[in-house]
Amino acid sequence: MDYNKLAELLFPNVTDTCEDIENKYPPRNLPEGAKVTRFAPSPTGFIHLGGIYGAMIDERLAHQSGGIFYLRIEDTDAKREVPGAAVELIKTLAEYGMEFDEGAAISPDGEICDKGIYGPFKQSERAHIYHVYAKKLVSEGKAYPVFTTQEELDELNATDKKAEVKSKVWTEEAANAQREEMLKQREFTIDEVEAHLKAGDPFVLRILSEGDGEKKTKVGDLVRGALELPENDEDFVLLKSDGIPTYHFAHAIDDHLMGTTHVIRGEEWLPSLPKHLQLFKYLGFKMPKYLHTAQIMKLDENGNKKKLSKRDMGLDMKDYKRGGYLPECVCEYIMTILNSNYDEWRMQNPEKSYKEFPFSFKKMSNSGCLLDFAKLTDVSKNVISRLTADEVYAKLLPWAEEYDPEFAAVLSADKEKAIRILSIGRGGKKPRKDLATFADAKPYMSLFYNEYFAVIDAYPEKFDNQTVRSAIEGFLQTFDFSDDMNTWFDKIKALADSMGFASDMKAYKAQPDSFKGNVADISSFIRVAVTGKLSSPDMYEVMQVLGKDTVVARINSEIARLS
RNA sequence: GGCCCCUUGGUCAAGCGGCUAAGACGACGCCCUCUCACGGCGUAAUCAUGGGUUCGAUUCCCGUAGGGGUCACCA
């Protein structure tokens, strides 16, 4: 077989050589040890938690080493592409603090554009590059075409391939038949190829695999160590019939030309690693280092770990946004599952950015972890508790504007007040941690606003209305808004004493029977009247924020109700 | 089914031949306290299993089981 002739037949329009391409993309001039990583999503839908997880590893590894972090859009599957998804992807990544040095970006007019000299960064725009290498492989007898008719192709496109693959019964006979079919396709003549081309039949380009599927080769993985994998024995597709490459082919060429040093991807790619080994060998490219990450899982109804699926809460980043989770909280949580010594570091360095943490892939776990909302909540509370009231307000307002406009209106009507509310118990060594998400804000803050205020909790049952009423009446009689906290509370204690309640908790605990109740009970009457609830932040501070008139009005309203 | 990956408390995990097997989240209890938070202290809870190797295995090797992934002109 004259492979050069075959190559010429298949790619008559390709005149560039591989050298021409290589010259256009010179090796990067980076300091020793600098890592070049990429995040390479396909624009087939929303970005998910696993995506952010992977992107954060890419970002840390690159920027921690003084390297380059870039974004490549893997839009090689026109059928699955979702319009506008790429733009959405980039925006979401930006929200999560993923800043790319190079790659696909959004231009001022809202279109995808390229940043840096190694583009184009959309694979659909790189067809000519792939074809140059494809032609070379054909000319060396390392790849060959398989023709189909247009009808067969249409039929292929009509099938739900994923469902078909899933339902497939993997018997030995089926495997053998598949292999025989593959081998048969290797047999053809130049004349046949010419005839097909003349008839306009589309073709795919397949690699001519070398391995026998038995012999093992060793591959290194940054988190898994040495792996033993069988050599590739599959003539997988390089170019689809539309001339666009498959992931495998695009991966080898792009990561080579763009100078990627570290490929970080999910462990679902592990089984296709032999394909990539084969390709890099055929192409004469230097292998990048691989890091296959464990998946983030959930528990299914049978109690088994399962990969997060589209229907699950917690996969789509929009879920987090809607739920009021701050991106920095999610990132903080991801850091805790990325490196288990992160928690410890955070305790020592409460004010630092996570980007100052010495992240190491050596500390990454190689088994999948369960998405743990309890942990996320804890981490989020900590992150938000470290913010100032102004910062919380600045982030809360836009969230509310999108998901609860009415609440947003209330918040912005009196910014000063909102910030005073958010300031309660904030700052200092032991800040309150009331907010894990912005969705917690309204229930927490509602007692401060008359439009939301309601007496929700009942007064403690063991006291009759008469007692409650005289207590809050008594409070009102001596209430002076300008009192400081101690004076204010001393008055409550005095009130307790005058009503036969213990003002000293220790005294009460020693002899509970000699009192009608204690000062905490008195406080709870006032608390329910003023806040509507049995629990609230520090009541003195609450009253200071509410203002004298509101406090008096609420108590009077309760006095009336209890009469 | 073939191939590959994984396996320490409920969860995330430290460990890298000898430890009473860290720590965090969660749970529970106590303390602090005018409530709720916060904080402090404490309790319960883990090496999947069988065989080796070894004076000694959570740690090394082999098998088994369980879980996950993958076997497309999808990425």
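Because the model is predicted, local features need pLDDT of at least 70 and side-chain atom pairs count only at pLDDT 80 or more, while totals for chains, interfaces and linings use all residues. Residues are numbered from 1 along each chain as its sequence is written, chains are lettered from A and ligands numbered from 1 in the order in which they are written, and side-chain values use heavy atoms, with hydrogens and water left out.

A search of the whole structure finds 26 aromatic pairs, where rings of Phe, Tyr and Trp (its six-membered ring) pair if their centres lie within 6.5 Å, and planes under 30 degrees apart count as stacked, over 60 as edge-to-face and the rest as tilted. Two of these pairs are set out below.

| Pair | Centre to centre | Angle between planes |
|---|---|---|
| Tyrosine 133 and phenylalanine 285 | 5.7 Å | 75° |
| Phenylalanine 463 and phenylalanine 525 | 5.1 Å | 75° |

Tyrosine 133 lies in helix H5 (residues 127–139) and phenylalanine 285 in the loop between helix H11 (273–283) and strand S11 (289–293), so this pair ties together parts that are 152 residues apart in sequence; helices (H or I, at least four residues) and strands (E, at least two) are DSSP runs, numbered from the N terminus. Tyrosine 133 is buried, with a relative accessible area of 2%, and phenylalanine 285 is buried at 8%, where buried means under 20% relative accessible area, exposed over 50% and partly exposed in between (1.4 Å probe, protein chains only). Phenylalanine 463 and phenylalanine 525 are both buried as well.

Helix H1 (residues 3–10) and helix H9 (residues 190–199) pack at an angle of about 5°, with their axes 11 Å apart; axes are lines fitted to C-alpha atoms, for helices over the stretch in contact (heavy atoms within 4.5 Å), and angles run from 0 to 180 degrees between N-to-C directions. H1 and H9 are therefore roughly parallel to each other, a term for angles under 35 degrees, with those over 145 roughly antiparallel, 65 to 115 roughly perpendicular and the rest oblique.
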